[in-house]
Amino acid sequence: MSETSPSPKLLYCRCAYAQVVPQSVKDGVLAKLCDSGAGFESVADLCEMAAHRDERLKAFADSTPIRIAACFPRVVRGLFRQAECPLPEDGVEILNMRVQSIDEVSEAMLKA
Amino acid sequence: MITHTARPLRVVLYEGNGAIALSAQARAQVMAALLDKGYAVTRATAQGSTGFPHDDRSLLVLGQFQNQQAPDLEDATGKVTIEARDITGLGTPDIVSLVEKARGNKPMNQPGTWKPWFPVIDYSRCTNCMQCLSFCLFDVYGVSKDGKIQVQNNDNCKTNCPACSRVCPEVAIMFPKHQAGPINGEVVNEEDLRREKMKVDISSLLGGDIYARLRDRSEAAKSRFSKERSADKALEERKKCLTKMAQDGFIPAEVLASLPSPDEIMRKAEEAQARAQAALNAQPA
């Protein structure tokens with residue numbers, strides 16, 4: 001029996017509670033995700049979820065492999081840890097919409 | 001710590017079997033509008049599940065269903081309420097209205113009413129020196145059962161005030177909603193670390209020779225806060241530090257204006273320092 005790696009799950013953070021991710025990038029990445037055939041999960045704001053210790057974060061942390069389009073990896077890992085559900089070291093790819101381009105983020109999110 | 005999570009439902013944009021896919025543009029518009037309102041949105045396609053486990057929130061399934069007839073759906077486990085709505089022919093504002101109507105008067109966290117402003121500790125950098133605990137007057141920080149500094153009351157944090165990150169000698173405190181690096185979580189570079197040396201000068205305004213002792217933490221644990229100093233002088237120095245940070249744009253004027261009375265500041269500062277001292281004393285040598 002052959003084993004294949006499971007497809008990474010996709011999570012998109014809108015950063016809706018503060019305008020620190022460039023609007024054009026978050027819109028562009030969302031458009032690319034929507035333009036693909038991929039199913040994905042999107043949340044209004046990971047910071048807001050971490051502030052409220054939202055239990056959904058644990059479901060994300062437990063769902064590796066996962067690709068997360070959000071902001072700085074140091075921050076994203078810190079948020080999950082602070083919410084008492086640290087992201088594992090392996091199987092997590094964090095794309096940074098604050099500094100990476102639309103193409104860089106969306107291609108990394110959607111690569112096979 | 002804010003522990004309530006008002007997130008009454010999850011919206012599923014269903015484009016799987018039995019539904020007609022939206023145009024890419026319409027799909028992106030609807031998702032952006034719902035996210036900007038604070039909803040979590042799952043896009044489900046014919047390719048299968050998103051792979052994330054379900055939770056116990058109600059699901060509102062939106063789709064362009066055959067014959068414009070939303071199906072009756074029921075959770076096999078009976079735990080989750082599922083409602084489906086047909087959105088054929090509806091524009092984005094109408095779809096948002098439909099979702100809002102489905103939510104009814106159930107409370108929900110929404111953007112625009114509050115900014116998630118709080119420190120996040122990068123434990124890969126943090127040395128557990130307790131400077132942040134000692135510095136913060138608003139009880140944001142605390143110590144875990146195993147003696148680690150942690151953010152315990154993030155809702156006490158003053159919006160747009162990143163002052164504690166400025167006194168962290170290791171650039172370990174991030175504010176995700178801050179604009180500039182490295183406080184926003186950017187990778188810490190040599191220039192940032194060089195700037196930390198300047199923080200020693202700033203911290204000296206707090207009235208204690210605290211950072212010089214960081215080089216020898218076990219020594220610091222014994223003596224960091226034992227230096228005798230005049231309470232009046234310490235208060236004056238703390239004010240100077242805060243004012244300087246405000247002038248440099250590190251602290252919003254509103255935060256300065258909302259500071260407690262001088263007596264209260266002294267009391268809180270002493271309490272925070274005592275807690276920090278106790279935590280340091282408890283650390284293994």
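## A buried strand in chain A

All 5 of the 5 residues in strand β1 (residues 9-13) of chain A are buried, so this strand is largely enclosed by the rest of the structure. Buried here means that 20 or more other C-beta atoms, placed from the backbone, lie within 10 Å of the residue's own; 12 or fewer makes a residue exposed, and anything in between is partly exposed. Strands are DSSP runs of E with at least two residues, helices are runs of H or I with at least four, and both are numbered from the N terminus.

Both faces of β1(A) are covered: K9(A), L11(A) and C13(A) sit buried on one side, with L10(A) and Y12(A) buried on the other. In a regular strand the side chains alternate between the two faces of the sheet.

## What you're looking at

This is a predicted model, in which local features need pLDDT of at least 70 and side-chain atom pairs count only at pLDDT 80 or more, while totals for chains, interfaces and linings use all residues. Residues are numbered from 1 along each chain as its sequence is written, and chains are lettered from A and ligands numbered from 1 in the order in which they are written.

## Strand pairing around β1(A)

Two strands pair if DSSP finds at least two bridges between them. β1(A) runs parallel to strand β3 (residues 66-70) of chain A, with 4 bridges joining them; L10(A) stands opposite R67(A) there. β1(A) also runs parallel to β2(A), through 3 bridges, and L11(A) has E41(A) as its bridge partner.

E41(A) turns up again across the chain boundary, opposite T42(B) in β3(B). That pairing joins β2(A) to strand β3 (residues 40-45) of chain B by 3 bridges, and the two run antiparallel.

## Chain A as a whole

Chain A has 5 helices and 4 strands, in the order β-α-β-α-α-β-α-β-α from the N terminus. Along the principal axes, the C-alpha atoms fill a box of roughly 50 × 30 × 20 Å.

Buried residues come to 54% of the 112 in chain A. For contacts (C-beta atoms, placed from the backbone, within 7 Å) between residues at least 6 apart in sequence, 77% join residues at least 24 apart.

## Where A meets B

The interface has 39 residues of chain A in contact with 48 residues of chain B. On the chain A side, the elements giving two or more residues are α1 (23-35), β2 (40-43), α2 (46-51), α3 (56-61) and α4 (73-82). α4(A) gives the most, with 6 residues.

Chain B has 9 helices and 9 strands, and 33% of its 285 residues are buried.

Leaving out residues up to four places away in sequence, V11(B) touches L34(B), Y39(B), A40(B), V41(B), L60(B), L62(B) and V99(B).

Key
Two residues are in contact if their C-beta atoms, placed from the backbone, lie within 7 Å.
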